[in-house]
Amino acid sequence: MANQQTLLSPAELAYLHTSLSLSPPIRPDGRTSKQFRPLTAETGILPGTNGSARVCLADGTEAIVGVKAEIEKTVDLLGGEHYQEYVKSASGAGGGDAEEDRRQARGEWLEMTVEIPGLRDDDAGTVFLAELLREALLADGEFAKKLWINRRFHWRLYLDIILISPPLSYPLPLLSLTTHLALLSTRLPRLKSEGDEDPMFDDDWEASPFLYPRQGAAAGSRPPITLLVVAVGDSILFDPSKEELAVADSALAVSLCEVRTQKADESMEVDSGRELRLVSMRTVDPPSRLTPPGVPSTGNLAASGTFDPSSQKKQQQQRVEEFPQEGVWKAPLGGTRFAVLDSIIQAVLEKGGVADEVLDGLEGVDLS
Amino acid sequence: MTSLKRTQRSDQAALNISNKVYVRSTRSGKVQKIVREVYLRTDIPCSSNLCRTCLSQAPRNAANEALPFVLSERPAGTRSFPQGHYLVPDTNALLNAMDLFEQSSSFYDVIILQTVLEELKNRSFPLYNRLVGLTKSEDKRFYVFFNEFRQETYVNRETGESVNDRNDRAVRQAVKWYGEHLALTKAAKIPAVVMLSDDRDNLRKAREQGLHASSLRDYVSELEDGERLLDMIAESQSQAQGGFKQASQQPIYPEYYTASRMMTGVKAGLLHQGIFNVSPYNYLEGSIKVPAFPKSLLILGRENINRAIDGDVVVVELLPQDQWKSPSTKIIEEDTITKNENADTEERQDFVSDKERKALQEEVKRTQKASGENQLQPTAKVVGIVKRNWRQYVGHIDPSTANKGSSQGRKLDSVFLIPMDKKIPKIRLRTRQVSELLGKRLLVTVDSWDRDSRHPVGHLVRSLGELETKAAETEALLLEWDVQYRPFPKTVLDCLPKEGHDWKVPASKEDPGWRDREDLRELLICSIDPPGCQDIDDALHARLLPNGNYEVGVHIADVSNFVKPANAMDTEASIRGTTVYLVDKRIDMLPMLLGTDLCSLKPYVERFAFTVIWELNENADIVNVRFTKSVIASREAFSYEQAQLRIDDKSQQDDLTKGMRMLLMLSKKLKKKRMDAGALSLSSPEIKVHMESESSDPIDVKTKELLDTNSLVEEFMLFANVSVAAKIYEAFPQTAILRRHAAPPKTNFDELADQLRIKRGLELRTDSSKALADSLDKCVDDKDSFFNTLVRIMATRCMMSAEYFCSGTQSYPEFRHYGLASEIYTHFTSPIRRYADLLAHRQLAAAIGYEAVHPSVRSRGRLEAVCKNINVRHRNAQMAGRASIAYYVGQALKGKVAEEEAFVMKIFSNGFVVLVPRFGIEGLIRLRDLADPEPESEYDAETYTLTTKGEKSIKVELFQKVVVRVHDDKDERTGKRGVKMELVSA
């Protein structure tokens, strides 16, 4: 995030910081602290992929995600193929427990690339971003199991994320939402063969099942979403804009997923079926840490007009030790306070909270 | 959050574009989602001659011509549609009743929708090919309408709709559009557009939409000869309406594995795939040759054969070792064992009937006795079918299954059809016309063989005529061997030279026909052929050169001058592959005009030829060889006998005769060299049927006589073939058309070698063709000159068959022709009757720079396909020829009884096979025919001796000379006439 330099002066930073620290905070675009920027989404935009989505943010950032699946032979960690096992099971020795075997599923079956215009694909920031998203996806261990076909074959999933506009703000939430939608619309060809045979598939695309089944008993977890939350003073702000990030005391990427538990039919409350689970949380280095500090007008040479070399040395010492001074910008230091962490988690997970709101929004998107 | 939803047809431009999405699994195991865009058009014509609009809009080719419209202005009407009608069959209708559509009495003006054509292609490729053939025939007026590309008839698949439902809807949409479209023509009588379907749901929906729709049965029953046609609807269809099946029946055959399970198994080496072959002597024993084992796997018993029919590509699973057996030594014929089965009832308990069980039981007993001798062969069971190679089968109804009492009722009867080919199981038919079909040769198709049906179920295609009439029997054997015997279509005849029989070699040498042609008209060329030969492929000449060497020329009819690559005639010839010679009939590969006139190197006229000229020294070694296109004038066409007489006649001292003597002298040297190199002289019983010229009824049978002149021609043809092979291989190392004869695997000779060793103390050495040739020469019996021929005949059967191939597919050492002991070989000398020779001609012409290489002669893929086809055709032609001879031998013997010498070729535990040299036929003598009740017998497999006890006690050994009484016999039960042999004395 280092290269997300904002061109704000220390005074402007200080002003922003102050207004965001108010309770309730005053955000530059007038949003409430938990409000998201409006966005437009559609799925199934790339006909050649197994699943795809596009999301546009109101500020003009736009991302496309395409998912492609390829079949691959599972190679045993010890080097051998699961061939002997097949030979055993084919000769009638019993097929073994599929659930047990599914545990063999491995996270490396998912490959994820992120492309951001203007950045190299091996840029540390991009790689970190990709890893962040990948980690969230694989965190619950359910995802890799979906790629398991039988003991000899699995799907390899290529998830390609492309930001097609310049990165106007830190694109994590955008990419995460787009990925979520793309995975929801992903379908894999319907398997026709049984057991450990070489897989054969139905050639009818319409018959292919969704990676995340829509409804019914099979509907388990949903793909996770990762939200970016910043703390400024005591305020907690969701979906920060570029400017807000520039003054954040700390930034957190919070990944959570929705688990749909199977409920008895009589309880017809659809909403209560949603259960949120925190999957991962990572602090992100906010760009505010690299901002140059403001100089109090007392120490401002241009203002006082005098130059005293001894006083300059003193001033430097002073600046480090000095308590933050109201109205003078100083890059934040240190980690996130527990209280802040706690309130972030609360705000995310509470019923009717931010996550609920976002998921409701995502649910409204037509999947094609 | 806003959700964007693009509407599918938001703008005008989107109207003519759509897409198709499907999953494709590639051979290498990749699975891809494929999206294809479909561009919809509005100018695809309806092709009805009523329609003016379409005619004006129809797409035109570069010459600004539209394709002629197909559908008639005044199509035939039926009771329901007196105004005339066009038919639109759906896929099921075609699957169930393709034979109906091929009728010449009805089913004209048919619209084949693209949807249906594609679906049919996926479901059954052979049927698809037949349909494509139909759409090409001009008089049937079948039109393929590309409904999936026309905007009005394209339908989008709706969510949740199955592919089948969508296709059915597409068919209905097309029918609807046709109806509305034709109404616009304002013709006086607008034909009805009738959908033919067997899908009730589809029919109902069509009627709801107000379309004309009819089931096959309803439609056919309105036709004039509906009764007859009804029999041609596939059995599966009538089953749906309460046919054979009773619901509660349990399946009697094991279920097949799923396709993926078979595929995995075959890949893993657990299962084996191969072509299923049935033993000609035992219908319950099959074998399958798989790459994993040197010997073929045995498949014994009905349950293990599991509904496979001879020729199917099947997947088998090995049985445990304790179930391995040796091949049967017993003759088991289906018609004798299952004689009294009733076609109507299916009795569950006798799935493996007691008789079958008993037959197998004896097998096991015998095997166990002989075990330890390591003669056991691995056995297997069929677990799945990769590809059915069902064809149409010829046979006749088993009269014992026909219920005679009910013949007046016109009710559906179930009968068994006994196929001519003994390897094919009985086929169950349902027909309304049993009484008419009894005693006729019938052509049937197998529709299905379900798990709960003991026999395959089929339906009648047509009747070929009375049993034993020449027309019916000839057609039957042509059909059995898949010989294309229909007259040449017009497109082929259009490729012939316009001058017809008046075609002549151009007088002026400036004519393009003379380009690069050598004028060899001065040479004293003659041809030597069998008497009465009309298609003279080859002619020869020889003369002494001033330097003491000989110049020898082989002149082959220049067929490639008349048959240009890739035109209709060439395509037809490549499909036919070879001319088929029957006793009384010849089915030509090329039209008569070419074969017997323009190409034929007839005497006294000038003809184009392709010439090979050698300069040979005294030892018949090649000094020089060259190839050229030429013009020749043959001086005389001899028969073998005439040529022999002329050579032997010392008074003839003209140059032509001298040339022939030179040829004979050189040919003997060539033959000697060939024999020294290890060429085999093999035998097959060759006989000739003499016909009375007018009635063309056979009057006598003779074995063919071989004269020196036969071998004269043969030697030079071989010589030419070898020279040409070397030349075209040099020019086209990847694509030369060659012929190879693989060395037989040693195991093939095991049995014969063992038999010779035990019975005669002779050694058969098989390490090389030379060793084999030498050891065969030693197999003589002083008392019996025929013994050597017998051994040669049996050795021939152990060989591999020679095959055409494309040089790029094999490595050079594999090119070897085992039988001729030649490193490289091809066929060049009979282009009139073999397609391979025609290809060799084109390649040679290109090799000597006479003409440019045509792409079809260069493309390896195409050449491989052609080779595969001509290999099959070649074999079939031989088989058809033999079958024809066998039939005529039977006819020649009709009403006669002859006592003949015969030799025992094969011994079973309950009978033996003898060969009668005089007629060149083999016959089976069963023990049960010797005496009644069947004499008790003992078979000693180690010494190949069969001894019977009781009042008629005999001892039969392998190679023994016996005397048999040969007479023709009509089996009362099957109505089949065949040669019957009885043992007179052993």
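In chain A of this predicted model, 71% of the contacts between residues at least 6 apart in sequence join residues at least 24 apart. The secondary structure of chain A comprises 11 helices and nine strands. Of the 368 residues in chain A, 35% are buried.

Because 28 other C-beta atoms lie within 10 Å, A:V229 is classed as buried. When residues up to four places away in sequence are not counted, A:V229 touches A:I236, A:F238, A:L252, A:V254 and A:I344.

The nonpolar cores were examined next. The largest of them contains 230 residues, and those with the most contacts inside it are B:V88, B:I111, B:I112, B:V316, B:I737 and B:V914. The greatest contribution to this core comes from helix α27 of chain B (residues 860-892), which provides 12 residues. Another core, of 75 residues, lies apart from it and includes A:A41, A:L183, A:L237 and A:L252. Within the largest core, B:V88 has among its contacts B:I111. Leaving aside neighbours within four places in sequence, B:V88 is also in contact with B:L113, B:V171, B:A174, B:V175, B:V193, B:V194, B:M195 and B:L196.

Helix α15 of chain B (residues 470-480) has as its buried residues B:E473, B:T474, B:A476, B:L477, B:L478, B:L479 and B:E480. These buried residues pack against the strands β14 (392-397), β17 (440-448) and β18 (457-466) and against α27, likewise of chain B. Following α15(B) is B:D482, which has a positive phi near 55°.

Two helix contacts in chain B involve α21, which covers residues 708-731. In one of them, the axes of α21(B) and helix α25 of chain B (residues 835-847) come within 9 Å and cross at roughly 60°. α21(B) is therefore oblique to α25(B). The crossing of α21(B) past α25(B) is left-handed. On the α21(B) side, the contact is formed by B:V724, B:K727, B:I728 and B:A731, and on the α25(B) side by B:A840, B:Q843, B:L844, B:A846 and B:A847. Seven nonpolar residues, one polar residue and one charged residue make up this contact of α21(B) with α25(B).

In the other contact, helix α19 of chain B (residues 640-648) packs with α21(B) at an angle of about 105°, the axes being 8 Å apart. α19(B) is therefore roughly perpendicular to α21(B). B:Y640, B:A643 and B:Q644 of α19(B) meet B:D708, B:T709 and B:N710 of α21(B). The contact of α19(B) with α21(B) has two nonpolar residues, three polar residues and one charged residue.

Between the chains, 28 residues of chain B are in contact with 31 residues of chain A. On the side of chain B that touches chain A, at least two residues each are supplied by β1 (2-3), β2 (17-25), β3 (31-39) and α10 (259-268). Of the elements of chain B, α10(B) gives the most to this side, with eight residues. Grouped by class, the side of chain B that touches chain A has 12 nonpolar, nine polar and seven charged residues.

Conventions. Residues are numbered from 1 along each chain as its sequence is written. Chains are lettered from A and ligands numbered from 1 in the order in which they are written. This is a predicted model: local features need pLDDT of at least 70, side-chain atom pairs count only at pLDDT 80 or more; totals for chains, interfaces and linings use all residues. A nonpolar core is a set of buried Ala, Val, Leu, Ile, Met, Phe, Trp, Tyr and Cys residues joined through C-beta atoms within 7 Å. A residue is buried if 20 or more other C-beta atoms lie within 10 Å of its own, exposed if 12 or fewer, and partly exposed in between; C-beta atoms are placed from the backbone. Helices (H or I, at least four residues) and strands (E, at least two) are DSSP runs, numbered from the N terminus. Two residues are in contact if their C-beta atoms, placed from the backbone, lie within 7 Å. Ala, Val, Leu, Ile, Met, Phe, Trp, Tyr, Cys and Pro count as nonpolar, Asp, Glu, Lys and Arg as charged, and the others, Gly among them, as polar. Axes are lines fitted to C-alpha atoms, for helices over the stretch in contact, and angles run from 0 to 180 degrees between N-to-C directions. Angles under 35 degrees count as roughly parallel, over 145 as roughly antiparallel, 65 to 115 as roughly perpendicular and the rest as oblique. A crossing is left-handed if the near helix is turned anticlockwise from the far one by less than a right angle, and right-handed if clockwise.
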